[in-house]
Amino acid sequence: MKALTLPDMGFLYCETVSRPNHVAAMQIFDIPNDYQGDYGEDLYQQLMACTKVEKPFNYTLHTAYSGMMHWQEDHNVELDYHVRRIRLPQPGTREQLIEYIEHSHSNLMDRSRPLWEMHLISGLANNQFSIYLKLHHAFTDGVKANRIILSYLSPQADGALQAFWSQTGFESKQPDTEVKTSLVKALKQNGAILTKQVRAIPSIIGLGSKLLLQGAKVYKANIPTPFTAPKTPFSVSPKRARRAATSLLPLARVKNIGKIAGTTVNDVVVCICDIALHRYLADLNFKLKQPLTAQIPVSLRDPSDTTSNNRIAITMVELAHSDASPLTRLMAIKDACDKLKQEARLLSDEALTSYTLASQGLAVISELLNLDTILPPVGNVLISNVPGPRKPMYMMGAKMQECFPLSALPPGMSLNITLYSYMEHLNVGLIACRTNLPDLTKISSYIEDAFTELEQVVMTSAIDIVSEQIARLGHDDALSNSMHELIDVINDNACSTVTLDTTTATSTAIASNKVEAVAKKNDKKRMGKEKRQAEKTLG
């Protein structure tokens, strides 16, 4: 048997009927138009022919008398339980698919079996097919889940189909630890696991002291103090039923916003979500006196680590005030994220893990004791971003068009927004409590609106800056190279910004052309001046 780590056990011990701790992906495939036969049935039969189940996909849970949990192998895995064949009724709309996934995502996984499910969903309109892959969070984090997804996809349309459960390389090659039932052995194991957490005490105490002083308004730490976030409709403990929604954002244009504004893609993504949430709260006439607080997972995984289940820490970032303009909001979020990174560099991985266990554990206790109606929430929303492949991927000849992550709800919160980059888009998956956020599709549409709004503001600001520099180009040759670079960025963005209104797009092109012309004229003048000086020297 193999012992679970404390973070892995945390996802199991903190799980309730109202808050299942599994993550999932909803994939949409285009079936080849010339495919002969029933694609869904053929796929199911080929997958079911892969009867060998490798570790860790044959692991089930075992709880010892000490309370420690371990993985043990099940040599009789029922594949027909884990691989499920579903057919949507006519007409097979996207709404029907989302409804099926909402019900499936609301249900706990059977702990007596390996903690994964693969739902093959046919009957979609437009000759499409879907997969809903469900994995327990104790079994994987976002990075490992992405590896599992990619394992049964191929970069070639005619690539061979492989079942992920029949593949090796997802589990450590080190021999499993033998577990005995004696109390002495159990205590030794507990001590070994807790040792790394004890080593983190100095740095976690330092962080805790900062947070306590910050709560007393004596010291300003770069990580927000837990349980100081404002109350919102999505900052309460969830009920069992789930709502799901999706959005698509053009990845290249999101990157362009970051290039022009001098921020990261993550800063832009968090800002877009913040704008959308404030618009949703404004619809409800919900007044906020302080910024929202977002929980943001940070990967602690070593690049060479391909087998660990969970190597993440949950950090918190204070966003921007409700009355902030989009550009001011983006800069405030960039500043907050930069400060968080600086604070995180001072802490060991064990300290960040301990901070995560402590803050999330307190949130669970608050939730179980129904104190979330009295205490301020630990945070308002969880926002995560998982990088995916840039090239198209295929499964048995079908091209994957979209892949939406659907995650778990943190304790004390009813909204999770997770993004997955694939090909030319950021696929945004939203999961929420159906009771607390029945109109989740509003937020998903506001995310797309917020992107357009932020893009237009950043582009307009860039045009203004370029216009100011045009006059200076004639007097300062040193600006020429940097202006050329800025011209390239603006031109790239102008070409891809199809949603801008005609006036803005025209202004962008005119400004770019003017700067380009002035820059060329300035270069020509400089070259002529240098030529005359050279001739004078030679003469």
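**The cavities and their surroundings**

Mentor: The lining of the second largest cavity is made up of four nonpolar residues, three polar ones and one charged one, where Ala, Val, Leu, Ile, Met, Phe, Trp, Tyr, Cys and Pro count as nonpolar, Asp, Glu, Lys and Arg as charged, and the others, Gly among them, as polar. This is a predicted model, in which local features need pLDDT of at least 70 and side-chain atom pairs count only at pLDDT 80 or more, while totals for chains, interfaces and linings use all residues. Residues are numbered from 1 along each chain as its sequence is written, and side-chain values use heavy atoms, with hydrogens and water left out.

The whole structure, when searched, holds two cavities of 30 Å³ or more; a cavity is a set of points on a 1 Å grid where a 1.4 Å probe fits but cannot get out, and lining residues have an atom within 4 Å of a point.

Strand β13 itself (residues 398–406) is mostly covered, with seven of its nine residues buried, that is, under 20% relative accessible area. On another side of the pairing, strand β12 (residues 394–395) is joined to β13 by two bridges, and these strands run antiparallel, with Met395 opposite Ala398. Two residues lie between the strands of this hairpin, where Met396 takes a positive phi near 50°.

The largest cavity has a volume of about 70 Å³, and its lining divides into seven nonpolar, three polar and one charged residue. Phe227, Ser235, Asp372, Leu375 and Val378 are among the lining residues, as are Ala363 and Ser366. Ala363 and Ser366 are also among the buried residues of α11. Helix α11 (residues 349–368) has 20 residues and reaches 28 Å from its first C-alpha to its last, close to the 28 Å expected at 1.5 Å a residue, the expected span being 1.5 Å times one less than the number of residues. The helix is followed by Asn370, whose phi is positive, near 60°.

Methods
1 Å grid on protein atoms, 1.4 Å probe; cavity = no way out; pocket = protein on both sides within 12 Å on 5 of 7 lines; lining within 4 Å. Points joined across faces, edges and corners; volume = space filled by probe spheres on them. Helix = DSSP H or I, 4+ residues; strand = E, 2+ residues; numbered from the N terminus. Buried < 20%, exposed > 50% of the residue type's maximum accessible area, 1.4 Å probe, protein only. Pairing = 2+ DSSP bridges.
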